[in-house]
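This report describes a structural model chain by chain, then turns to helix packing and the nonpolar cores.

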Amino acid sequence: MRNLSIEIVNLNKRFNENFALKNINLQIFEGEILGLLGPNGSGKSTLLKLILGMIKPDSGRITVYGYDSVKDSLKIRKISGYVPEDVRLYEFLTGIEYLEFICKIYEIDNTNLIYDYLKIFEIYDKKDEMIASYSLGMKRKIAIIAALIHKPKLLLLDEPLNGLDPKSARIFKDIILNLKKTSTIIFSTHILEIAQAICDKIAILDKGQLINMVSINEILEISKNKSLEEYFLKITGGDEIKNLVEVLLK
Amino acid sequence: MKKILLLTIVILKGITRKNSRKGLSSDPKIILFINLVIFLLIFSSVYLALSILKEETLITARSALNELIINIPFFIFIMFILVGILLIFETGESIFDVETINWIPIKPYEYVVSSIISTMYIYSFPLFILTALIIPFLIKFQAFFLILIFILALLSSKFMALLFVEIIKIFLEASFSKIKRIKGKYLINFRLFLIIIISSIFIVITNPSLIQRFLFNTKNIIDITWFLPFNWPSTSLKFYIEENYIGALINILLTIIFCFSLLVLASFLRNKYWVLEKPSIIIEKRKKKDFLNKIMKESKISALIIKDLKAYVRKMELIRTYSPILGLVILSFFISSSYQISLIIPTIINLIISTAAIGYEGRSIINIYYLPISYNEYYKSKFIFIIFISFILSLITILNIYFILYLNLLYLFILFCFIFLISLLTSKIGLTIGLKYPKFEETKLSKMISLKGAYLSLIIGGIIYIFTIFLIRLILNLQINLILFLLLIFTLIFYLLYIVLNKINLNLSKKLLEDVSKI
């Protein structure tokens, strides 16, 4: 039987008067890859920040590997890797300086892995350049390496493929599938094909509510062998928009 | 023409909004309105004051005024060359801002003219003040045509200076682009050095007594260097006042031709280097371990401190904040015979550095939220960083005092203890302000603390500075045993204050790092 790695119970979070997340209940098991899908502003990023303890919930509880997200957020961060949607690195450092900084924060002595990752993501030649001169894709690669470098038990990825070239996206996908053996991964994305290819389960959020959480196989079964995109549009009301666009372009 | 006007408005709005997102100065129209109101106020006050003055006084004033108006265009030229060069370095990474508009169908000369007009508009305040002060005199003397030539000379000097700056900027961009891989350490040190030097010169030339000396004594310089184009506006005024109208006319024409030639050259260069490749700054990693890593066991804290130290020499916003004052202090080593100026280092400069220690992180502060760094470790790293800074600043101060007062070693050591204690307390207060009122907004102008925090640090910095002057003056007049007794009492008081501030700061640090949505 697999161990429970994340448990979310009756989670609510408001920003001002608006619900960012409403009554979320979720269970994720060790070694699972959960894809978070949802339109912009559906609460995906907020959920990831809540799991990591970066934001406090208004009510409800999140437990990560037995740690409470409010009381033990530091312990959770120690075992987690996080790639934020909006990557903000220390631009006055060089790529290698930033990654060494990360290693020291995670108290890793052997930094050889940095060089391997830099080579895999084909940015080894740029390692001594200041991050300020990096492209968005290069910055995201550095953020991904920083999240992987300490071999985290939990990996939280917020739109990690934004700005990545197809080759790097493929490398990243392979790394994720390999990590699955040892880590739990939560993955928010807009690219439905990637979610379909990588994730074991899909959680669909809309307007702060968890609409559905099912396995990929179940989705395909429910939507009668149609693609994930069609299923997603069906349950988030995207079909109506699709019709509108068609009328608009006629 | 329409394109130039449109582009000027776009650049103007871009600059003002980047500099101040919500402030009054974010609207170009408001800048003009404020300038006009100030102009009218000064103009009417001077005009009224002149009507009270006696005829003899006015005659004496006329010869002084003649000398003054000849020198003003030359002064404006130098001032705007310095302002322009500072602006180039201020924009730092965005030196290649032309990239953002290079896809629009505009001609290089349209861009150059718009860029210069917008800069002239934004920094028009000194011209409004100068004309408001001088024109009432010229009206009183009924020198109406001189008013026209004076305004023309002022505008052409400023235009010429900014065109020079534009050419320097294009050359810098082109050469940086050619180098491609710049040795980062050299570039960073060079930039730091240049900003401090230019800031120092700027502070010196904007010093009121020096301006006065400069404005009334440069006539000879202009006489000797009449052949240099940037002196032509001043020379035309000189000739006109001396009633050599042909000479004045020739100089006006020469000025116009020279401005036009500069514009053609700037447009040609901008056209040649329109799309440039952004250079990469390379900082090769040293093989050996950092000094702090060697002496500190806690790698997390040493990593945070090293990051902060690197930010203070590499981040433009930070360099810009402390370099003008640092420049002034460095100059004081050479020109001042009073130790009071050097006391700015452990007090005001120290306060600026420590208040900025939190907000400088900008939006990158998010790293601290998702990495396993406790509020305690974060605070500890900032605290050790400011101890380090305080120690260095105290050493610089004591060195300066030594060269001014030539005290014996014992006195010097005791004085160092006092200064170090004050410096530590100042930085601790600075950290409190930084933690309480941080601002993580990223704009071109430094906004590392909120306005409330900035006012507070201004008041506290002033109080600490005055207190320090008083204290050091007292110490210098006391017997050694009394000084030692005073040191003991001070150490105790400082220790108590220290503990209280430590508690406050830890709480503030905890609050700050509790919830990312609060920042």
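## Basis

The model is predicted: local features need pLDDT of at least 70, side-chain atom pairs count only at pLDDT 80 or more, and totals for chains, interfaces and linings use all residues. Residues are numbered from 1 along each chain as its sequence is written, chains are lettered from A and ligands numbered from 1 in the order in which they are written, and side-chain values use heavy atoms, leaving out hydrogens and water.

## Chains

Chain A has ten helices and ten strands, whereas chain B has 21 helices and two strands. These elements are DSSP runs numbered from the N terminus (helices: H or I, at least four residues; strands: E, at least two).

Of the 250 residues of chain A, 55% are buried; in chain B, the figure is 52% of 519 residues. Buried means under 20% relative accessible area, exposed over 50%, and partly exposed in between (1.4 Å probe, protein chains only). Of the contacts (heavy atoms within 4.5 Å) in chain A between residues at least 6 apart in sequence, 67% join residues at least 24 apart. For chain B, residues 24 or more positions apart account for 83% of the contacts with a separation of 6 or more.

## Packing of α16(B) and α19(B)

Helix α16 (residues 345-359) and helix α19 (residues 409-436) of chain B have axes that come within 7 Å and cross at roughly 35°. Axes are lines fitted to C-alpha atoms over the stretch in contact, with angles from 0 to 180 degrees between N-to-C directions. Residues making the contact include B:Asn350, B:Leu351 and B:Ser354 of α16(B) and B:Ile422, B:Thr426 and B:Gly430 of α19(B). The contact residues comprise nine nonpolar, nine polar and no charged. Here Ala, Val, Leu, Ile, Met, Phe, Trp, Tyr, Cys and Pro count as nonpolar, Asp, Glu, Lys and Arg as charged, and the others, Gly among them, as polar.

## Nonpolar cores

A nonpolar core is a set of buried Ala, Val, Leu, Ile, Met, Phe, Trp, Tyr and Cys residues joined through side-chain atoms within 4.5 Å. In the largest, of 157 residues, A:Ile51 and A:Tyr98 touch the most other members. Its largest share, 15 residues, comes from α19(B).

Beyond its neighbours within four places in sequence, A:Ile51 contacts residues including A:Ile6, A:Val64 and A:Leu156.

## B:Leu254

B:Leu254 is in helix α11 (residues 245-272) of chain B. B:Leu254 counts as partly exposed because its relative accessibility is 33%.
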